[in-house]
Amino acid sequence: MSSDQAVRRKQILARNEESLGLLKKNWPVRWVMVRTSHPGNVGSAARAIKTMGFSSLHLVNPAYQYMAKKAEAISLSSGAFDVLEGAQNHESLVDAAGASQLVFGLTTRDREFGPPAIPLNEAIDLASQALLMDKPVAFVFGTERTGLDNDDLKHCTHRVWIDANPEYPSLNLAQAMMIVAYSMRQGLMRGLEIDSKTTYSEMSSASHVELADQAAITAMLDHWQQGLEAIGYLDPQNPKKLMPRLQSLFARASLQKEEIDLLRGIAKQMLQHGKIK
């Protein structure tokens, strides 16, 4: 082996080692399970995400408050008890999503309203870009029997489907989480390879647009509803589909934090105007 080849090989090994080290980073990904009824699925989910290098499991109104202590959950976690025991319970999806700027709701059903629908590979690309800039994201999974409902999806930035057999797209909840977790790991690996000439610290310190989190968007929509009622544009007794349409519109807009302040200011003016009559 020539000296040039030896140097090149050393550089490649060093870069691979750096990338593998970054994959061990505690990436800000939240894995959210909504109204889960079977402890075994929670245990299997803990195993799935730990296998792919993730750990942040969040449960919204699970059937049992102490899922981690259920024998079936412990058994199917198969050694991922630390993830299972660390799972956090929440009363709402907004709380579970936390500061996540991208919230991906997994569902195969088409909806008239709601956030824009994208395939899983597009969601992974968006999530990878966000994570490489230390921006938190969340993947949301619905109940075993019915999946996510429309009220759940209104708190998501995107509706995501897994490209499965159209004649039989049925996936077990834990299976779906494993597919997404594996895809997320592969997305991060691709992202780290693409940006191998840039150090992680340089990527993290670069200036990027700050998107609004779902708690801020939900509060803004509540403010707008009050304002629209105040000026008489929205009849609370016959609201029709105005608010779902606005939710869908704002979900497609990928609102920034400063834009939330602007929209809240408009809502404030609507409320003031509604009182001056």
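1. Which side chain meets that of Lys 50 in a salt bridge? Asp 82 does, at 3.0 Å, N to O. A salt bridge here is a side-chain nitrogen of Lys or Arg within 4 Å of a carboxyl oxygen of Asp or Glu. Lys 50 lies in helix α2 (residues 39-51) and Asp 82 in helix α4 (residues 81-85), so the pair ties together parts 32 residues apart in sequence. Helices are DSSP runs of H or I, at least four residues, and strands are runs of E, at least two, numbered from the N terminus.

2. A word on the source. This is a predicted model: local features need pLDDT of at least 70, side-chain atom pairs count only at pLDDT 80 or more, and totals for chains, interfaces and linings use all residues. Residues are numbered from 1 along each chain as its sequence is written, and side-chain values use heavy atoms, with hydrogens and water left out.

3. The structure holds 5 salt bridges. Among them, Arg 190 pairs with Asp 125, the closest N and O atoms being 3.9 Å apart. This pair links distant parts of the chain, with Arg 190 in helix α8 and Asp 125 in helix α6 (residues 120-131), 65 residues apart. Asp 151 and Lys 154 also meet, at 2.9 Å, N to O.

4. Lys 50 is partly exposed, at 36% relative accessible area. Asp 82 is partly exposed too, at 47%. Buried means under 20% relative accessible area, exposed over 50%, and partly exposed in between (1.4 Å probe, protein chains only). Of the 277 residues of the protein, 42% count as buried.
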